[in-house]
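Me: Hey, I'm new to this one. Can you walk me through the aromatic side chains?
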Amino acid sequence: MSQNDPASPGNLVPAHRMQRMTGRDPHEGHRAATPLELLFDLTFVIAFGLSAAQLAHLLAAGHVGAGIAGFVFTTFGVCWAWINFSWFASAYDTDDWVYRITTMLQMVGVIVLALGIPPVYSSIEHGEHVDNRVLVAGYVIMRIAMVFQWLRAAHDDPARRRTCLTYATAITVAQIGWVAAIFIHTSVATTLAIYAVLMLVEFLGPWVAETRKGRTPWHAHHIAERYSLVVIIALGEGVVGTVASLSAVVDEQGWTMDAALVALAGTALTFGMWWVYFVLPAAPILHAHKELAFGFGYGHIVIFGAIVATGAGLHTAAYYIEHQSTLDSAQTILTVAVPVAVYILAIFVMYTYLVRTIDAFHLLLLAGSGGVLVAAVLLASVGVTMSVCLLVVTLAPIVVVVGYEFIGHRHAADAIGAALSQEL
């Protein structure tokens, strides 16, 4: 057996020696998420979980504005950290020992960032300046490692050196801004305005690099798979919220019909949201039209956030059932219904963005889902039990699933075919 044989022992058990970071082949066949990427994603389970728990706590305490502000800020930070790593990995993953160690440092940064989430919520809740010291410290750890990766790519990939250096420069400038923001003690509103400017800087860096300096060799099918895996991780918060609500019912009433309905509602809602996400296979469109990458990549921040917020809403329902919430029944249902509505709308907006056409049938599905969610809130307002109202909320994604399976899949096939054949 020769060493060039793919089945040779040397290829089956490779050494992770340092390699040149010259870029992956964007047309590589059967490109899939690596074990290292999956390990990296586990750190975001912690970050999403902490953010959802803090949001549920503030919502139940009646601090809705503070909860939403904290959630938007922390969700952006968590999602942005994941997005930057994932697109770089798609383009430049060498899986050598240097890349692995650098990824481990980024994982440390994510964990530190996650530990900084509760102080952010707490400071906003009490009307103080935003305490983001720990969160920014974790972010800086991640970004220093990311700058090193981009500089390494700039050294090893001369054809894309300007692109890589633009990324490294933009990240460095943004990090200087985030560190400086730690020392700005002003009102929450002013602080969040400053953060909005820094977020704009974070967006502009990749945009300038990819559109003005040259595109990095990311892999469309790999990217689509990576995003779908994080959707599944975020949906885990729906399972956590379901368990919290179910535990509250069981503690209050024992194993009753309400307990069974809560278990069914939470599980079916999570399952339905998972099903809805895959109404459109994004990979072939991204492969054919790489200019759509920015809308796809950044638009998912809303999708990820809506999923995590739905889990927080289910947890808020648990607070209500345990009589530990200041919200009434209708307000509690809104904490679940609103993020579900945002999620379904975001999915159809993403669909429309990718295929570049509006499907009238989707408007009908959106109206049906919206009507179901409104009905759930109205039922809660007239005293229908929480378990039944949650079950009605579950029907919102089911409306989309049924519509897609009976009619929408044919529309999707036609839309994808048209999108692949046109030039944007």
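Me: What lies over the face of W218?
Reply: That's K290, at 4.3 Å from the ring centre. A charge counts as over a ring if NZ of Lys or CZ of Arg is within 6 Å of the ring centre and within 35 degrees of the ring normal. This is a predicted model: local features need pLDDT of at least 70, side-chain atom pairs count only at 80 or more, and totals for chains, interfaces and linings use all residues. Residues are numbered from 1 along each chain as its sequence is written, and side-chain values use heavy atoms, leaving out hydrogens and water.

Me: OK, and how many aromatic pairs are there in the whole structure?
Reply: The search finds 26. Rings of Phe, Tyr and Trp (its six-membered ring) pair if their centres lie within 6.5 Å; planes under 30 degrees apart are stacked, over 60 edge-to-face, the rest tilted.

Me: How do W82 and F304 pair up?
Reply: Edge-to-face, with 5.9 Å centre to centre and 90° between the planes. W82 is in helix α3 and F304 in helix α12 (residues 293-321), so the pair ties together parts 222 residues apart in sequence. Helices here are DSSP runs (H or I, at least four residues), numbered from the N terminus.

Me: Are those two buried or exposed?
Reply: Both W82 and F304 are buried, meaning under 20% relative accessible area; exposed is over 50%, and partly exposed is in between (1.4 Å probe, protein chains only).

Methods. Helices (H or I, at least four residues) and strands (E, at least two) are DSSP runs, numbered from the N terminus.
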